[in-house]
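Work through the exercises below with the sequence and the model in view. Each task is followed by a solution in steps.

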Amino acid sequence: MLYQKLLLGSNPFFIFVGKAFEFETHRHPEFELSYCLKGEYNVICENKLYSLRQGDFLIISPMA
C-alpha cells in the first residue's frame, strides 16, 4: 500500500510503503492515493467497503 502524508514546506509529497493494517481511521485535507502492490486488503471509506487486489488503485477524496 502506498500512502502520502501531508507535509508542509518545500517537499510537496511523501510516499509511504507499508502494510494496510498499519493505518488507523483517519481524515486529512488532501486526496489519498492507495495502490495495492501485492496481496489484497480492504478499505472502508464513508461506510463503504472496497476490496483491493494486486494492481488496484483507489483515490479517496479529501476529508473522507
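**Exercise 1. Confidence and overall make-up**

Task: Where in the chain is confidence lowest, and where is it highest? Then describe the strands and the burial of the chain.

Solution. Step 1: take the average. Mean pLDDT over the chain is 79, and 73% of the residues score at least 70. Step 2: compare elements. Strand β1 (residues 2–4) has the lowest confidence, with a mean of 56, while strand β5 (residues 48–53) has the highest, at 94. Where pLDDT is low, the predicted coordinates should not be read in detail. Step 3: count elements. The chain has 0 helices and 6 strands, in the order β-β-β-β-β-β along the sequence. Step 4: turn to burial and surface. Of the 64 residues, 20% are buried. The chain exposes about 5100 Å², of which carbon and sulfur atoms supply 57%. Step 5: check the range of contacts. Among contacts with a separation of 6 or more, 36% join residues 24 or more positions apart.

**Exercise 2. A nonpolar patch on the surface**

Task: Which residues form the nonpolar patch on the surface?

Solution. Step 1: name the patch. F31, L33, F57 and I59 form it, and together they have about 400 Å² of accessible area. F57 belongs to strand β6. F57 and L33 are 24 residues apart in sequence, and their C-alpha atoms are 7.3 Å apart in space. Beyond residues up to four places away in sequence, F57 touches L33, S34 and Y35.

**Exercise 3. The salt bridge**

Task: How many salt bridges are found in the whole structure, and which residues are involved?

Solution. Step 1: count. The search finds 1 salt bridge. Step 2: name the pair. E46 pairs with R27, with the closest N and O atoms 3.7 Å apart. Step 3: locate both ends. E46 is in the loop between β4 and β5 and R27 in the loop between β2 and β3, so the pair links distant parts of the chain, 19 residues apart. E46 is partly exposed at 48% relative accessible area, whereas R27 is exposed at 54%.

**Exercise 4. Positive phi**

Task: Where is N47 found, and what is its phi?

Solution. Step 1: recall the background. Most residues other than glycine have a negative phi. Step 2: examine N47. This residue lies in the loop between β4 and β5 and has a positive phi of about 65 degrees. N47 is exposed, at 79% relative accessible area.

Terms used: Residues numbered from 1 in each chain as written. Predicted model: local features only at pLDDT ≥ 70, side-chain atom pairs only at ≥ 80, totals over all residues. Heavy atoms only, no water. pLDDT = per-residue confidence, 0-100. Helix = DSSP H or I, 4+ residues; strand = E, 2+ residues; numbered from the N terminus. Patch = residues over 30% accessible without salt bridge, like charges linked within 9 Å, V, L, I, M, F, W, Y side chains within 5 Å. Areas by Shrake-Rupley, 256 points an atom, 1.4 Å probe, with all protein chains shown as cover. Salt bridge = Lys/Arg side-chain N within 4 Å of Asp/Glu carboxyl O. Buried < 20%, exposed > 50% of the residue type's maximum accessible area, 1.4 Å probe, protein only. Contact = heavy atoms within 4.5 Å.
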